[in-house]
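Please look over the model shown here before reading the briefing, which takes up its aromatic contacts, a pocket and a group of paired strands.

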Amino acid sequence: GDWMGAWKAEAGQTDVEQDRLSRAQAAFGGETMARMKDINVLILGCRGVGVETAKNLILSNVGSVTVWDPTPAKPEDRGCNFYLTESSTGKPRAAECMAQLKSLNPYCKVESLEADEAALPSCLAEANVLSTGRGYGAVVVTMLMSQQLLVALNEAARGVGAAFVLSVNMGVTTSIFSDFGPKHVISDEDGEPTQMLAVSAAEVVPVSNIVKVHGCSEGDAVLVLTLASDHGLQDGDMIALDDMRGTLSGFNGRQVKVRRFGVVSPTDAKVDLKDVAVKEMLKNTTGEVLTNFQRQYDHYKSEFDASGSEGKFKQREITLFNRLVLDIEASNLELWRDYQSGGLVNSVKPAVTKEYQSFAQSLTFTANPQMMDQEAWHAGAGCWV
């Protein structure tokens, strides 16, 4: 597909993603894995956090990982960078890790960046990183730099739509900052799988005294879908229709808001939706189901009235989870009266837009975290990184 990144396979080789990343694909989903394959990441710093980040990203099969760290390796660096050896002392840390990093995944391009520190912000403007045809999608800073340079890097990342992550570990303390831009759209907020439900019936019914549909009044006509299994949707959730047939085929691919379908039942009736007989009854048409509940309601109400009991007639609302109300225009209701068979309901997750502060704004407007030294904290002291 468009996201498969065919350039990663050299002549005569094939990227067998299904076999190599089957477990990751099961966890993240095929679309996410495919998009990850075309992300180019720039990592600044190659000590513990930097080399671990590079290793994990390469193994996760991103498009490319570029590492920058010209700092000569010191003997103590071997305590946190597992790719450095005794002979690495005095040599650039990034270059000394290249051979090991490249060996992790032949389908992920891995290189070190040769650039002066001051020129790093301008490097983020590169539109063809490692001949991938794409720019950087993320920059990860894992070493201490001047505030001026960090602000410049963050602004450069925001300018090209790249994520900016600062993660610095200093012994027993760490500092983490993330900025995904002024408007970051999240298409899947929780990672849970969506529902696909088969439609077994579709009916246009009037809202009666025992029907409960949010936002509807008695006498309104509503379109009720009967599903082959229970759903977990809420009022206002979105679904997409598929496999509709005949005159309803025009609804395929259309996204529609749904509402729950409920009925009012006397409390004394003690209706149990898990009871086998109730489950069988709910397989009938919506009209027949409502007739049964209406008879039940009228029976208990008449007994209550005849008893002369004081107080209010006790009743409760029962949500029928094998039914949904589609929020469609009244002019389209007549089309659904011709429903015969087929149809699928696919739940759709709403997109969520997040707004992130820039690094400069966070330094200015974010209060210091609480310190371990309570007296110093109350006096206004803080620990700035």
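**Briefing on the model**

F164, F177 and F359 form one aromatic cluster, where rings of Phe, Tyr and Trp (its six-membered ring) pair if their centres lie within 6.5 Å, planes under 30 degrees apart counting as stacked, over 60 as edge-to-face and the rest as tilted. This is a predicted model, in which local features need pLDDT of at least 70 and side-chain atom pairs count only at pLDDT 80 or more, while totals for chains, interfaces and linings use all residues. Residues are numbered from 1 along each chain as its sequence is written, and side-chain values use heavy atoms, with hydrogens and water left out.

**Aromatic contacts**

- By the ring rule, the count comes to eight aromatic pairs; the rings of F304 and F313 have centres 5.4 Å apart and planes at 50 degrees, so this pair is tilted.
- F304 is buried, with a relative accessible area of 19%, and F313 is also buried, at 12%, where buried means under 20% relative accessible area, exposed over 50% and partly exposed in between (1.4 Å probe, protein chains only).
- K301 lies over the face of F313, at 5.8 Å from the ring centre; the rule asks for NZ of Lys or CZ of Arg within 6 Å of the ring centre and within 35 degrees of the ring normal.

**The largest pocket**

- The largest pocket has a volume of about 1600 Å³, the volume being the space filled by probe spheres set on grid points that are joined across faces, edges and corners.
- Of the 39 residues that line this pocket, the closest to its centre are T32, R35, M36, I39 and S187; a pocket is an open set of points on a 1 Å grid over the protein atoms alone, where a 1.4 Å probe fits, with protein on both sides within 12 Å along at least five of seven lines, and lining residues have an atom within 4 Å of a point.
- Helix α3 gives the most to the lining, with five residues, helices (H or I, at least four residues) and strands (E, at least two) being DSSP runs numbered from the N terminus.

**Strand β12 and its partners**

- Strand β12 (residues 255–266) is mostly covered, since nine of its twelve residues are buried.
- Eight bridges join β12 to the antiparallel strand β13 (residues 315–326), two strands being paired if DSSP finds at least two bridges between them, and S265 stands opposite R316 in β13.
- Strand β11 (residues 238–242) pairs with β12 in the antiparallel sense over three bridges, with A240 opposite Q255.
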